[in-house]
Amino acid sequence: MTDHQTRVLREDELRAANTLFRAALHVKASSDEEWERTRGGYQPGRALGVFDDELIGTARSTDSELTVPGGGQVPLAAVTGVGVRADRTRRGVLTELMRTQFADFADRGVVAANLFASEGAIYGRFGYGVATLSRSYTVTPRLARLRPEVFAGGEVELIGLEPGLDQLPEHYARMTKRPGMMARASYWWTVLSMTLRRGEEPVTIAVHHGPHEVDGFAIYRVKRTPGGGPSVLQIEDMHAGNADAFAGLWRFLLGVDLIDEIQADSRPLDEPIELLFTDPRACRVTESGDETWLRLLDVPAALAARGHAEDGDPLVVEVADPVLGHNSGRYLVTPDEVRRTDEQAALRLGVDALAMVYLGGWRPSVLAQAGRVQVAGERTAYAADRLFGARTTPWCGTFF
Ligand SMILES: CC(C)(COP(=O)(O)OP(=O)(O)OC[C@H]1O[C@@H](n2cnc3c(N)ncnc32)[C@H](O)[C@@H]1OP(=O)(O)O)[C@@H](O)C(=O)NCCC(=O)NCCS
């Protein structure tokens, strides 16, 4: 790109950037009230703008932490607000924004970046890969009779919106154990608070009491259709720290009066919801697909931070990273250490494919079937599956 300037936006330029982003998504500009809410989500100094004579592209990010297999966490940048003015697309503006972000993240010691993609064809070229998947479902309470062995669960208590918003950040922080989950920055909670306060329907916050502390919560709204249409309980956010909390929250939700359907969006693939019911079809999956895309910015640090199967055979992995060349090379990965090596590689893959296997969402042998990973034979593929396997299916669960 020539004759362009890319720089961090000033506070007084953020609204214009937000308007540009929304226009790129074909959404009208924020009202004053909406902007008041949205601006709380901007981490100072983290919104970028590309200018020719005017602002033509923008992207921003916030600091977070990503939970990785084995329970460790790595510094994460959560990328959002990406948009290029429609009359300036396909001229390298996004490429410039990505390049600038990567350089900034490297300076900050960020190990990985993640995002939600509006389209599947945009981010792979920059080294992002689909690292978590999710599904949405609808439960029909009328059909959803719990099986006798479903746990009783503890006490569920409704707490008011204001005390709930004060308490939830602390409760959530205890539940970020699943790979792919991320710390929620104060900016994220600010936007949620303002969104929940402003909606048409009342918001309910239910917490589940475990033996020692709150170990699960659900935030929901009920949409009642005038004229006899279905009354829908929409789960806005729900986290359960253990199986008892999961069962307890669902027992509660199924008991809420005057509800025809319970909808939950972007839930973990392995959430055993249909297994709770005598009729598994009481739960209908309405959508499934990619959830978050992950970019490993510092491959050696990322590999060293995640746990690898204790009984896994050592493997030499060759990573190709055309965008951040310092990541390219061969790594010896063992259950105890990760280090660079000159030994011959048994498994070769691009950095985007590495992001897909990194959290345990995809098995290397499956990617090999699609040609996304090159392996030296079937045995190596299964050794790689074991080494990179994760006990729990990854899931992010935080939309930003
Ligand atoms: C997606 C978007 C940010 C891309 O910006 P851009 O400045 O046109 O991207 P670039 O010119 O840097 O494109 C780089 C490459 O990606 C390709 N590309 C960009 N957007 C693409 C898309 N939506 N689908 C397929 N390919 C795309 C370009 O063709 C180009 O390929 P090339 O290097 O082979 O020529 C822009 O089109 C946009 O604002 N879209 C609407 C809003 C949106 O979806 N934002 C993303 C939110 S997650």
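Reader: Where does α4 bend, and by how much?
Author: The bend is at Gln167 and comes to about 40°. Bend here is the angle between two fitted axes, one through the seven residues ending at that position and one through the seven starting there. A proline, Pro169, follows within four residues.

Before going on, the ground rules. This is a predicted model, in which local features need pLDDT of at least 70 and side-chain atom pairs count only at pLDDT 80 or more, while totals for chains, interfaces and linings use all residues. Residues are numbered from 1 along each chain as its sequence is written, and side-chain values use heavy atoms, with hydrogens and water left out.

Reader: How far does α4 reach end to end?
Author: α4 covers residues 161–173, 13 residues, and spans 18 Å from first C-alpha to last. That is close to the expected 18 Å, the expectation being 1.5 Å times one less than the number of residues.

Reader: Which residues of α4 are buried?
Author: Gly164, Leu165, Leu168, His171 and Tyr172. Buried means under 20% relative accessible area, exposed over 50%, and partly exposed in between, with a 1.4 Å probe and protein chains only. An α-helix has 3.6 residues a turn, so residues three or four places apart point the same way.

Reader: What covers them?
Author: The cover of the buried α4 residues includes the strands β8 (156–159), β9 (203–209), β10 (214–224) and β11 (231–240), along with helix α5 (186–198). Contact is taken as heavy atoms within 4.5 Å.

Reader: Now α1. Which residues are buried there?
Author: Leu14, Ala17, Asn18, Leu20, Phe21 and Arg22. Their cover includes α2, β2 (47–51), β3 and β4 (73–84).

Reader: What happens just after α1?
Author: His26 takes a positive phi of about 65° there. His26 sits in the loop between α1 and α2 (32–39). Most residues other than glycine have a negative phi, and most peptide bonds are trans.

Reader: Is His26 buried or exposed?
Author: His26 counts as exposed because its relative accessibility is 75%.

Reader: And Ser266, what is its phi?
Author: Near 50°, a positive value in a residue other than glycine. Ser266 lies in strand β12 and counts as partly exposed, at 34% relative accessibility.

Reader: Switching to voids. How many cavities turn up?
Author: A search of the whole structure gives two of 30 Å³ or more. On a 1 Å grid over the protein atoms alone, a cavity is a set of points where a 1.4 Å probe fits but cannot get out; a pocket is an open set with protein on both sides within 12 Å along at least five of seven lines; and lining residues have an atom within 4 Å of a point. Grid points are joined across faces, edges and corners, and a volume is the space filled by probe spheres set on the points.

Reader: What lines the largest cavity?
Author: Ala17, Asn18, Phe21, Tyr42, Thr58, Ala59, Arg60 and Gly81. This cavity holds about 50 Å³. α1 (14–24) and β3 (55–67) each supply at least two of the lining residues. Ala17, Asn18 and Phe21 are also among the buried residues of α1.

Reader: What does Thr80 touch?
Author: Setting aside neighbours within four places in sequence, Thr80 is in contact with Ala59, Arg60 and Phe400. Thr80 is in strand β4 and is buried, at 18% relative accessibility.

Reader: And the second largest cavity, what is its volume?
Author: About 40 Å³. The lining is Ala131, Thr132, Leu133, Leu269, Gly361, Thr393 and Pro394.

Reader: Last one, the second largest pocket. Which residues lie nearest its centre?
Author: Lys177, Arg178, Ala240, Gly241 and Thr392, out of 41 lining residues. The pocket's volume is about 1,000 Å³. β10, β11, α6 (243–255) and β12 (261–268) each give at least two residues to the lining.
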